[in-house]
Amino acid sequence: MDQLLHEIQRRRTFAIISHPDAGKTTITEKLLLYGGAIHEAGSVTAREGSSSTRSDWMSMEQQRGISISSSALTFEYQGHHVNLLDTPGHQDFSEDTYRTLTAADSALMVLDAARGVQAQTEKLFAVCRNRGIPILTFVNKMDRPAQDPFELLEQVEKTLAIRAVPLTWPIGDGPDFKGVYDLQAKQVLVFERVARGKTRAPVNVTSVGDPALAELIGPELHAKLQEDVDLIEGALPEFDQDEFLRGELTPVFFGSAITNFGVEHFLSKFVHLAPSPGPLETTSGALPPDTEFTGFIFKLQANMSKHHRDRTAFMRVASGKFERGMEVTHTRTGRKMRLSRAHTLFAQDRESVEEAFPGDIVGLVNPGVFRIGDVVSFSPKVQLASFPRFTPETFANVTMRDVTKRKAFHKGLEQLAEEGVVQVFYPTDGARDPLLGAVGPLQFEVFQHRLREEYNVDVELNVTSYQLVRWLAGDTSEVARFARNVEDDEGRPVMLFRSKYDLEYTQRNHPGIEFLPLPKNL
Ligand code: GDP
């Protein structure tokens, strides 16, 4: 147990949440650089074709030969074992990204210093908030003209309803960006531009009152810094670790990932601030990590690489030590199974995982038994207390362009739906083409693209005017007006509506029917 406790305490499993272009890829790359996984940054950002994170990781592992479990990037830093979860397709707004967040113990919110909180940041933030996980903030791109840092903090507090407490403070911005002041250590980290941010940025440390500092950053910025620091120390609340761990307060850091500035400093603080894996909420209470083995499936993915066109189930180890080949119970079905095909990906080839600890991510070859939210455990009864599900908000008709590909089409439909790329609904009114439901319309594009690339099937998609979906419970024999009757992939009755008004009208006329935003008994 001693080894188990030691491994749990040194683990930090987190995900980055951000709006596209805020700098998630760049920060990831720099974290890996400082984590020693790569020695020179700059190889990751050249993207081919669609800019999915997955291909970024793939090209990175090819070029650098580092081990990537394709769902988490792992590196050691100051005695800590850091797992950075890949929230794939960050350009897309998908359930998959949300679900990945269920496997994180904390999140790093990356903001663009000029843009502040953006739409997607808000949505992803809400998911972290719901789970109550601690959130750290990195305000990126300080080397560009930025918003006033006090205004940025206020924006975070107002739009996200979380207290924002700066742990570092920027000195200038854009071409005048000179560095940051560490408010806790009361030290100044001076920024020096290094050729394309390719190597570790040198850091000089001095105190805020140091007259040499005025010379270094200029008297104007020096006076401004002293004024800001006075204001912060006098007016802003102090950082409180417990409030942070409860998800009520976010520590804020400033920097510029592209020039390497502030990232290592952040990382050195992060490993101390961020929590190690905590208990798992199950139907029979909280399961602590330092007990016998339990893991849960948070993501399924087919066709991970060209060499392995099968399905992978990603499991987060929640408690105990995972050992390859161990016998466990698949608790939804009660079946015993041996976890022998466990792997990470290594330059397109799989590498077996022999052991793993709470917080780690293991890929299991999925012969079709796993569903998202499933548990494998030594104990036959463990079930997750809840797993996030999302109600689709946009719907499209999908039509095959070549009807001879029906078989491949249905296979793709089934597997991509299983992954959560889209939800599928089948009309019950005689129409042949299924309808797809998604939280955001970009999911449809991903679906179309993957169906073509991975299943060789071309489809046409037409977004409909339906906006609401309700699963029906009760006496559903009577067909309601103003609605489209369909069923989901498990044959449950579902209705689609064009407006809230249509839904309310139908509800009023059918008091015997329950209209649920998600299917019952998930
Ligand atoms: P992602 O979409 O969130 O993964 O963002 P990327 O990491 O791909 O960054 C988006 C763009 O912003 C790229 O062109 C980066 O080179 C650029 N970028 C990232 N970080 C910085 C930064 O600190 N300063 C500046 N000026 N540009 C940055």
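The axes of helix α2 (residues 24–34) and helix α10 (residues 263–273) come within 10 Å and cross at roughly 70°. Axes here are lines fitted to C-alpha atoms, for helices over the stretch in contact, and angles run from 0 to 180 degrees between N-to-C directions. α2 and α10 are therefore roughly perpendicular to each other. Angles of 65 to 115 degrees count as roughly perpendicular, those under 35 as roughly parallel, those over 145 as roughly antiparallel and the rest as oblique. On the α2 side, the contact is made by Ile27, Lys30, Leu31 and Tyr34. Val263, Glu264 and Leu267 supply the α10 side. Residues are in contact if their C-beta atoms, placed from the backbone, lie within 7 Å. By class, this contact of α2 with α10 holds five nonpolar, no polar and two charged residues. Ala, Val, Leu, Ile, Met, Phe, Trp, Tyr, Cys and Pro count as nonpolar, Asp, Glu, Lys and Arg as charged, and the others, Gly among them, as polar.

The model is predicted: local features need pLDDT of at least 70, side-chain atom pairs count only at pLDDT 80 or more, and totals for chains, interfaces and linings use all residues. Residues are numbered from 1 along each chain as its sequence is written. Helices (H or I, at least four residues) and strands (E, at least two) are DSSP runs, numbered from the N terminus.

Helix α2 also takes part in the ligand shell. It gives three residues, the largest share of that shell. Of the 17 residues around the ligand, Gly23, Lys24, Thr25, Thr26 and Ile258 come nearest. The shell divides into four nonpolar, eight polar and five charged residues.

Two strands pair if DSSP finds at least two bridges between them. β6 and β11 (residues 249–254) pair in the parallel sense over four bridges. Within this pair, Ala164 stands opposite Thr250 in β11.

Another helix pair is formed by α11 (residues 406–419) and α12 (residues 442–455). They pack at an angle of about 125°, with their axes 10 Å apart. That makes α11 oblique to α12. Ala408, Lys411, Gly412 and Leu416 of α11 meet Phe447, Arg450, Leu451, Glu454 and Tyr455 of α12. The residues of this contact divide into five nonpolar, one polar and three charged.

Strand β24 (residues 394–400) is joined to β26 (residues 435–438) by four bridges, and the two run antiparallel. The bridge partner of Thr394 in β26 is Ala438. β24 and β27 (residues 459–463) pair in the antiparallel sense over five bridges. Here Asn397 has Asn462 of β27 as its bridge partner.

Terms used: A residue is near a molecule or strand if its C-beta atom, placed from the backbone, lies within 6 Å of it. Two residues are in contact if their C-beta atoms, placed from the backbone, lie within 7 Å.
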